[in-house]
Amino acid sequence: MTVPVTAPATAPQILARCRELVRPALTVAVERMHPWPAEMAAFSFGWSEVGGAPVPGPGPGSRGKGVRQALTVLCAEAAGGRGEDAVVGAVAVELIHTFSLLHDDIMDGDETRRQRASVWKAYGTGPAVLAGDALFALAVETLAASRNVHSGAAVRHLAATLNDLVRGQADDLLFEARPWRGPGAVSPQEYRSMAGHKTGALLGCAAGLGAVLAGAPAATADVLAAAGRHLGVAFQAVDDLLGIWGDPRVTGKPAHSDLRRLKKTYPVIAALSTDSPAARQLVSLLASGSPLDDAGARRAAGLVEEAGGRDATLAEALRHLDSARACLTSVPLAPAAVGDILTLLPFLVDRRM
């Protein structure tokens, strides 16, 4: 008798499995909120329209991959536990991620998110701040109230991450006031540190929480958290590429959106760190301080690429992916779950541009 060979799960299948595991608990958590913030939360998750009408089928706002919640589930499995043990952590991470997006869109003035209006644009700035605060509080309460015997350690793990998030966001905002070149310019290393806090911290938290809730040794949880942090920096690097060269049909934002807003992202910083004619032309274009029009944004994008900023950013993403892989092979882990995580890594940074 021939035993059929089961094909390995694809990245979309892995993400879908984890979303299906987490979604019921996430829905229950959101339903505990005050009805108005709950409506805004449901809108931000893509579950409803403005006003609360349900979105039939997979609506335009529901296309978030669920990367962080998947990492929490998979890292619990990698550490020898069950994915179900980590659902409460996955819910907390997803709530914190959504809180950070609501506030980030306000700070950056982004009017769209996942091809629909951002929450502040749809409901107003004050209500969006309130909804973000409510999601933050709900995440901490959800984790603290868990019956998991490791919930205390999990709350401490989340609290440290929240401090990292604030630090990263503060640095990102402060970068806006710094010059493009010269002694006060943002260096690639400073940007890398900011990305490690702003984006890497929550992915690291997602991975580490799974291990903590599964009862893994501290050393295992730390290694998985480090892998998640490296993945977060890689993820941010690709986001920066998409912010300049992303396909608007995929990103939901205009072409060259980050350049139009004169945002200091890794491709621009890497380009300006070179002593090249293209870098000198680029700084002259950006130093006016005025938002760029279509022609100016196209010109700036070409100069960033000519000065090596695009290649440097892609290399940065690949370096951190390699570091994440190295973490996953440095401690004993369940092979099947590690295989799923390794399947996700290239998928998460290979997004359309």
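Which residues does Glu-316 touch, not counting residues up to four places away in sequence? Select Glu-316 together with Arg-192, Val-233 and Tyr-266: these are the residues in contact (heavy atoms within 4.5 Å) with Glu-316.

The model is predicted, so local features need pLDDT of at least 70 and side-chain atom pairs pLDDT 80 or more, while totals for chains, interfaces and linings use all residues. Residues are numbered from 1 along each chain as its sequence is written, and side-chain values use heavy atoms, without hydrogens and water.

Next, select residues 309-328, which form helix 15 (helices are DSSP runs of H or I, at least four residues, numbered from the N terminus). Glu-316 lies in this helix and counts as buried (under 20% relative accessible area, 1.4 Å probe, protein chains only) because its relative accessibility is 2%.

Colour the other buried residues of helix 15, including Gly-309, Thr-313, Ala-317, His-320 and Leu-321. Viewed down the axis, the buried residues fall within an arc of 130 degrees (taken from directions from the helix axis to the C-beta atoms), so they line one face of helix 15. Show helix 8 (188-213), helix 9 (218-245) and helix 14 (294-306), which are among the elements covering these buried residues.

Now go to helix 13 (residues 277-286) and helix 14, whose axes (lines fitted to C-alpha atoms over the stretch in contact, with angles from 0 to 180 degrees between N-to-C directions) come within 8 Å and cross at roughly 150 degrees. Helix 13 is therefore roughly antiparallel (angle over 145 degrees) to helix 14. Among the residues making the contact are Leu-282 and Leu-285 of helix 13 and Ala-300 and Leu-303 of helix 14.

Notes: Helix = DSSP H or I, 4+ residues; strand = E, 2+ residues; numbered from the N terminus. Buried < 20%, exposed > 50% of the residue type's maximum accessible area, 1.4 Å probe, protein only. Parallel < 35°, antiparallel > 145°, perpendicular 65-115°, else oblique.
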